[in-house]
Amino acid sequence: MDSSSSKSEIEFECLPMFRVLKGGVVERLAGTETVPPSDVPQNGVVSKDVVISPETGVSARLYLPTAASPDRNLPLLLYIHGGGFCIESPFSPLYHPHLVSLVSKANVVAVSVHYRLCPENPIPIPHDDTWQAFLWAAAHSSGQGPEPWLNHHADFGRVFFAGDSAGANIAHNMAMRAGSTTQLSDVTISGIVLVHPYFGKNEPDRLWDYICPSEVHNPLFNPAADTNLSNLGCGKVLIFVGGKDFLKNRGLWYYETLKKSGWGGAVEMVESEGEEHVFHLFNPHCEKAGDLMQKFASFMNLD
């Protein structure tokens, strides 16, 4: 077999998301389409893209309700997309309308983070990129940052991390970092929202083992292995699970683990009976997706 043929052999495959060839080429099979931001209101929301780090390519799509007024700052949502750490982006036709709907319903300012994808950029690069994006946003708490939407409309006393699937994993870990840093004197992380979270328990996980070749008990994946879990840096947590989601038991396990950790906040779990993984993204107009969005939005507007 010649070298060109061997390079086209499959080294790793995670369908229907991606495959890696022995030559190192990553073929993404989903989550590569993009849609532009819009300065024309969509459902009462405008959006734009910003570059956070030209060196790494970390960027974000920002969302602002058109009714926002400088006289009343709005909660700030840092949203992290899912896709197994390996596919999708804030710019996709799956996530852009989701954020438009969420921002419209919740009346918040949102920063939807574009982090570098695995497997080319192994764990913890997606987490590190998201933390960099958060610190960039937090630098606007004085009103002197480079982005006017954040300077004039974001309430840094009401900040939320949220994400679905792998993004929910990152959201949890951002709250863990926030709980152990002294960099955030002017920023309060009010809560986190974890939709169908991707965590690990005490057994191997084929995808995680490939993108993060380390021990199973890595606390980025297994919160029970984190001896500092009780220092989770927020006051409340909302967890969504799907009744037919293959990750349902991991969400339930996270809920129980957090309750037993000694963390002093409030944790709530909501199950969408009979629903599959991230059903609300693929069928956003169904009744249960509407219920999920309403609960999500209310969570960010309750003291």
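**View 1. Helix 3 (residues 125-138) packs against helix 5 at an angle of about 60 degrees, the two axes lying 10 Å apart.** Axes are lines fitted to C-alpha atoms, for helices over the stretch in contact, and angles run from 0 to 180 degrees between N-to-C directions. Helices (H or I, at least four residues) and strands (E, at least two) are DSSP runs numbered from the N terminus. The model is predicted: local features need pLDDT of at least 70, side-chain atom pairs count only at pLDDT 80 or more, and totals for chains, interfaces and linings use all residues. Residues are numbered from 1 along each chain as its sequence is written, and side-chain values use heavy atoms, with hydrogens and water left out.

**View 2. Residues at the contact of helix 3 with helix 5.** Helix 3 contributes Pro-126, His-127, Asp-128, Thr-130 and Trp-131, while helix 5 contributes Asn-169, Ile-170, Asn-173, Met-174, Arg-177 and Ala-178; contact means heavy atoms within 4.5 Å.

**View 3. Eight strands form an open sheet of mixed pairing, in the order 4-5-7-6-8-9-10-11.** Two strands pair if DSSP finds at least two bridges between them. Strand 4 (45-53) and strand 11 (266-272) are the edges; each has a single partner strand, so one side of each lacks a neighbour in the sheet. On average, neighbouring strands are turned by 20 degrees against each other, direction ignored.

**View 4. Strand 9 (residues 189-195) pairs with strand 10 (residues 236-242) in the parallel sense over five bridges.** Val-193 stands opposite Leu-238 in strand 10. Helix 9 (residues 287-299) packs on the sheet, and its direction makes about 175 degrees with that of strand 10.
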